[in-house]
Number of protein chains: 2
Amino acid sequence: MPEASKENYVVGIDLGGTKILAGLFDGSLECIGTAKVSTKAQRGMETVISRIERCVRDAVDEADLGLKQVAGIGIGAPGAVDFETGTVIFAPNLDGWKEVPLKKELERQLGVPVFVENDGNIAVLGVHVAELKAKPRHVIGIFVGTGIGGGLIINGELYSGFNHTAGEIGHMVIDVNGPKCGCGSRGCFEAVASRTAIFQRIKEGIKEGEKTLLTDMLGDGLEDLRSGDLRKAIRRGDKFVAKVIEQAAEYIGIGVANLINILGPEVVVLGGGVMEALADEMTATILKTAKDHAMPGTMKNVEIVVSKLGDNAGITGAAVLARREIK
Amino acid sequence: MPEASKENYVVGIDLGGTKILAGLFDGSLECIGTAKVSTKAQRGMETVISRIERCVRDAVDEADLGLKQVAGIGIGAPGAVDFETGTVIFAPNLDGWKEVPLKKELERQLGVPVFVENDGNIAVLGVHVAELKAKPRHVIGIFVGTGIGGGLIINGELYSGFNHTAGEIGHMVIDVNGPKCGCGSRGCFEAVASRTAIFQRIKEGIKEGEKTLLTDMLGDGLEDLRSGDLRKAIRRGDKFVAKVIEQAAEYIGIGVANLINILGPEVVVLGGGVMEALADEMTATILKTAKDHAMPGTMKNVEIVVSKLGDNAGITGAAVLARREIK
C-alpha cells in the first residue's frame, strides 16, 4: 500500500452532461483509481451532486484509500464557472443549471477542499501539464464531443478572460447560413462539426435515401449510435459515412485555422470523444484544411496534434488544478 | 517653441497600403505635427522606404523641430512583423513585401532608433493607452478599412502570439460558402464586412439593376467612391446603400460575438475608416447582432465602443511603442 501522506493524493472529476468520471491521482500525477457514473441531470441538481460524491468515494476506494488521505478535489463543469466562488454560473447541458454553488456543496459533503473550473479549461490544462510537460507558452485545446469545448493557455497560464468565459470556441459562427445551433445562432462550430451535428447529418441522409452500413449494424433508428460505430462503418467501406466525416473534418480544419489566425498559438491540441474514435479518419483532412485557411506565416513550426489523454484529459486537468490550488 | 529635450519627442508612423501617416508626439502624448504621403507600393520597397523617411521629416518639421530632437520612432506595418529584428515578414498590401529589414533601413537613413510592429497591434495599443488609459486588462481591437485588422491586449499587455501573427481576425471564416477573399479562402470576415466587400456588393447591385444615389453623385463607374459617400447617400434616403451597410454591420456583429466567445474580453474597440465614417449608421446593428450571438454570461459588463482616435489610432500606438521601447 502506498504511503498515506495527505499531500500526495488528489481527485480529478470530469462532470459531463451524460457521465461523471472521477480519478484518484498520486504525487506523480499517475491515475491509480477511477470511477464512472451517469449524470442523470434531469433528476435535478441535488441528485447530480450526490452522484458526484458517490463517484469520488468510489474512485478513492478503488485505489484502496480513504477520503481522509485526499488533499484536494478539482472538478471541470460544462459551462460558465466563477472560479473564485466555485459557482457554476450557467450550464445548459446540466438541465440548465444556474448559479449552483458546487464548491460549497461538495466541500460540505466530502470535507475536502474543492476547486471548480470550466471543462474546456480543465482539459487543456491537463494536456498542457501532463502531455506537453508545460513547455509551449500558447496552446489552444479543441474538444470535439457532444458539443465542442475549448480552452486556452496564454503565456504559459490558463486564460479565462474577463467573465471567466473565454474558450467558448464551439459558438464561433463559421457558416452564417448553416444549421441551427442549440444556442439560438446558426452555423456555430459545434452545429457543424460536433458529434451531435455529425449524427444529425447521418440521420437526415438516411431519410433522403442514402445507404449506410449503420442501419444494418444498429437498425433503422440508429439506436445507441456511437462515434466508434462510424469508425467501424468507414473501415468496412461505408462511403456515405466517410463523406459525412470528411465534411466534419473540413469544418474542424476551418475552426483550427480561424483560431490560429486569431490567437497565433504554438500548439493546437485536438481531443474529445469524436477525435478519440476517428483521429485516423479525420486528421489528414483537418491538417490540410487548416493549412489552406491559415494566413501565411501563422503556421510556421506550429504543431497540430491529437491528444493521447483521450477521455482522461478532463480528470487529469482537474487533478492538476487541485494540486496547484492546495499548495 | 517647446523645450528641446530629446527624451520628450517620438514619431509614430502608420504605414498603410494606400498612404503613410506620420505624427510627432510630445512628452504628454499630444500630437503636435503630422504629415501624409501616398505609399506608391507598386514602385518597390526602396521607394516606399524613402517616402516614409520624407514623411517623418515633414511631420518633425511641421512641429518646428529637427530629427536630432526625436528619441525614437515607432511604425505599424500591414502584415506579419518580427518585432525583435524589425523585419516585415510578409505584407500582401505592400505589393507583396517579404523579409524587408524595415528597422535597419530606416535607422540607417534617419539615425534614430526604430521599432516595428503589426498595424493592428499598434492601433489597439494606441487605443488602450491613449483612449482607455490602460485600464481594461483584456481588449480586442477591430479595425474595419480596406481590409479588417485586429489587435489583442491580454492581461494588460499587447499579445502577438508564437509567430507574432496573432490578431489576424480579418481571416476568420464566418461564412464558409461566402465570397472569395484575397487570401484564397471563402467568407473571411474581411471578405464580407470590409470597405472592399461593401464596395463590391454595391457595384454588383448596380449591375443587377439596383437604384442608388451614388451613381448620381459619382457617375456610373462610382469613381473615387469613399466610405463618406455611403454615409451621405444613406442620409439622403438611399435604401439600397442602407441595406448593404446594415448587412455589413450584421457581419461585424457576428465577428464581435465570435471574438467575445473565444477570448472573453472586457472591452471591444471598433475603429478604422469604415467605422469612422459610418459609426452612427452601423453601431446599433453591430451591438444587437453581437448580443444575439454571444453566449450567455460572456457579455456581462463588456463594453463595445467605437474608438474616438479614428485615423490617428495607428500613429498614436506607434508613438506609445516608441516611448516604451526607448525607456
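Is the crossing of α8(B) and α9(B) right-handed or left-handed? In this predicted model, the crossing of α8(B) and α9(B) is right-handed. Two packed helices are described by the angle between their axes and by the distance between those axes. Here helix α8 (residues 239–263) of chain B and helix α9 (residues 273–293) of chain B pack at about 55°, and their axes lie 7 Å apart. That angle makes α8(B) oblique to α9(B).

The residues that α8(B) brings to this contact include Ile245(B), Ala249(B), Ile252(B) and Val256(B), while those of α9(B) include Met275(B), Leu278(B), Met282(B) and Ile286(B). Sorted by class, the residues of the contact of α8(B) with α9(B) are twelve nonpolar, five polar and three charged.

## The sheet and the helices on it

Chain B also contains an open sheet of five strands in the order β3-β2-β1-β4-β8, and the pairing within this sheet is mixed. Its edge strands, each of which pairs on one side only, are β3 (31–38) and β8 (114–118) of chain B. On average, neighbouring strands of this sheet are turned by 15° against each other, with direction ignored.

Strands of a sheet pair through backbone hydrogen bonds, either parallel or antiparallel. Strand β1 (residues 9–15) of chain B pairs with strand β4 (residues 70–77) of chain B in the parallel sense, over six bridges, and Asp14(B) stands opposite Gly76(B) in β4(B). Helix α2 (residues 102–110) of chain B lies across β1, β4 and β8 of chain B and runs at about 150° to β8(B). Helix α3 (residues 119–131) of chain B packs on the sheet as well, touching β4 and β8 of chain B, and its direction makes about 100° with that of β8(B).

Helix α1 (residues 45–62) of chain B packs against α2(B) at an angle of about 50°, with the two axes 10 Å apart, which makes α1(B) oblique to α2(B). The crossing in which α1(B) passes α2(B) is right-handed. Among the residues that meet are Ile49(B), Ile52(B) and Val56(B) in α1(B), and Leu102(B), Leu106(B) and Leu110(B) in α2(B). By class, the contact of α1(B) with α2(B) has six nonpolar, two polar and three charged residues.

## How the two chains are related

Chain A is superposed on chain B by a rotation of 180° with 0.0 Å of shift along its axis, and the RMSD is 0.0 Å. The two copies are therefore related as by a two-fold rotation axis. Because 100% of the interface residues of chain A are also interface residues in chain B, the copies meet through the same surface.

Key
Residues are numbered from 1 along each chain as its sequence is written. Chains are lettered from A and ligands numbered from 1 in the order in which they are written. This is a predicted model: local features need pLDDT of at least 70, side-chain atom pairs count only at pLDDT 80 or more; totals for chains, interfaces and linings use all residues. Side-chain values use heavy atoms; hydrogens and water are left out. Two strands pair if DSSP finds at least two bridges between them. Helices (H or I, at least four residues) and strands (E, at least two) are DSSP runs, numbered from the N terminus. Axes are lines fitted to C-alpha atoms, for helices over the stretch in contact, and angles run from 0 to 180 degrees between N-to-C directions. Contact means heavy atoms within 4.5 Å. Angles under 35 degrees count as roughly parallel, over 145 as roughly antiparallel, 65 to 115 as roughly perpendicular and the rest as oblique. A crossing is left-handed if the near helix is turned anticlockwise from the far one by less than a right angle, and right-handed if clockwise. Ala, Val, Leu, Ile, Met, Phe, Trp, Tyr, Cys and Pro count as nonpolar, Asp, Glu, Lys and Arg as charged, and the others, Gly among them, as polar. Copies are superposed by least squares on the C-alpha atoms of residues with pLDDT of at least 70 in both.
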